[in-house]
Amino acid sequence: MGYLVPWLRGLVAQPVVTDRNTIYLLLPVLLLTGFGIARLPGRLVQSLVGFGLVGACLWVLFVETGYYTEIKK
């Protein structure tokens, strides 16, 4: 309900989906990702996919956005 109601309202009126509303999706997305990786065949494939996802997240955080190197206010 935390995400569905603002999304439906955004279809009818002004968009109201913000970071505050999307935080409710974090746990289901992490659980589905974990189950998906666990269903992959072989430990090597699971490890490579897991390290690839973590590496992609770290790349975006440190290199593309400059989160810890630039002041953004």
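## Gln 46, a buried position in helix α4

In this predicted model, Gln 46 has a relative accessibility of 17% and therefore counts as buried, since the cut-off for that class is under 20%. The residue is found in helix α4, and, once its neighbours within four places in sequence are set aside, Gln 46 is in contact with Ile 37, Ala 38 and Leu 40.

## How α3 and α4 pack

Two of the partners of Gln 46, namely Ile 37 and Ala 38, also take part in the packing of helix α3, which covers residues 26–38, against α4. The axes of these two helices lie 9 Å apart and meet at an angle of about 150°; because angles over 145 degrees fall in that class, α3 and α4 are described as roughly antiparallel to each other. On the α3 side the contact is made by Thr 33, Ile 37 and Ala 38, while α4 contributes Gln 46, Val 49, Gly 50 and Leu 53.

Gly 50, which lies in helix α4, has a relative accessible area of 22% and is therefore classed as partly exposed. The C-alpha atom of Gly 50 is separated by 7.2 Å from that of Ile 37, although the two residues are 13 places apart along the chain.

## The protein as a whole

The protein has four helices and zero strands, so that, by the assignment used here, its elements run α-α-α-α from the N terminus on. Its accessible surface comes to about 6600 Å², and 71% of that surface belongs to carbon and sulfur atoms.

How values were computed. Residues numbered from 1 in each chain as written. Predicted model: local features only at pLDDT ≥ 70, side-chain atom pairs only at ≥ 80, totals over all residues. Heavy atoms only, no water. Areas by Shrake-Rupley, 256 points an atom, 1.4 Å probe, with all protein chains shown as cover. Axes fitted to C-alpha atoms, helices over the stretch in contact; angles between N-to-C directions. Parallel < 35°, antiparallel > 145°, perpendicular 65-115°, else oblique. Contact = heavy atoms within 4.5 Å. Buried < 20%, exposed > 50% of the residue type's maximum accessible area, 1.4 Å probe, protein only.
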